[in-house]
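Student: I'd like a close look at one part of this protein, the charged side chains and how they pair up. Could you walk me through it?

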Amino acid sequence: MALILFSMNVFAVSLDSLQQTLSQHSVVRGEFAQQRTMALFSKPLTSRGTFLLADQRGLIWQQTVPFPTQLRLTKEKLSQSFDGGEPQIMTAKDNPMAFYFSHIFLSLFRGDTAQLHHDFVISLSGDEQQWTLSLTPKSAPLSAVFSTIEVKGNQYITHVILNEIRGDRTAIVFSQQSSLPLDLTEQELKLFEF
């Protein structure tokens, strides 16, 4: 019996261990597939692409399907371009709400549980091989948009499900994730310069 209890404790996931797991990767590259179900449309909207998350730099989100879109997010700036067009660049001063939501999601990917505790009621279940983090917003503006956010993963985040108050739902599946090479390439470094 003691052996069974010991084994369960070894594999159970805690917020501290989850934070350590997610924050150990200073760079994560991978692919995403996103499906957005909206009340206004009979069929879900789907998109696919690649992403790069660099702890000291920010996030590069490159959609390739159904059309090319690039989103670049750093601490100070956000850049978005559609189909190779001229990028639209904004700062936190220009659009504080966009930055607020963007940085909440960066906190999520970094496993920043202190920030998540500030904004959400947190429920964590599973083990280190397969865990589920359920987030319920505590207050506006998050609670005015999302009813719950569900995150699943292992050593990386594998799924994010955003359930909106008005009934819309976005499900993102992450795959082909890797932390190697540890250093950003010259081309990747240039993506963060804007």
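Which residues are linked in a network of salt bridges?

Tutor: Keep in mind that this is a predicted model. The network links R36, E164, R166 and D168. Let's take R166 as the way in. R166 forms a salt bridge with E164, with the closest N and O atoms 3.3 Å apart. The side chain of R166 also meets that of D168 in a salt bridge, at 2.9 Å from N to O.

R166 counts as exposed because its relative accessibility is 59%, and the cut-off for exposed is over 50%.

Stepping back, the structure holds seven salt bridges. One of them joins R110 and D55, where the closest N and O atoms are 3.1 Å apart. That pair links distant parts of the chain, 55 residues apart: R110 sits in helix α3, while D55 lies in the loop between β2 (45-54) and β3 (58-65). As for accessibility, R110 counts as partly exposed at 29%, and D55 is partly exposed too, with a relative accessible area of 31%. Both values lie between the 20% and 50% cut-offs, which is why they get that label.

Notes: Residues are numbered from 1 along each chain as its sequence is written. This is a predicted model: local features need pLDDT of at least 70, side-chain atom pairs count only at pLDDT 80 or more; totals for chains, interfaces and linings use all residues. Side-chain values use heavy atoms; hydrogens and water are left out. A salt bridge is a side-chain nitrogen of Lys or Arg within 4 Å of a carboxyl oxygen of Asp or Glu. Helices (H or I, at least four residues) and strands (E, at least two) are DSSP runs, numbered from the N terminus. Buried means under 20% relative accessible area, exposed over 50%, partly exposed in between (1.4 Å probe, protein chains only).
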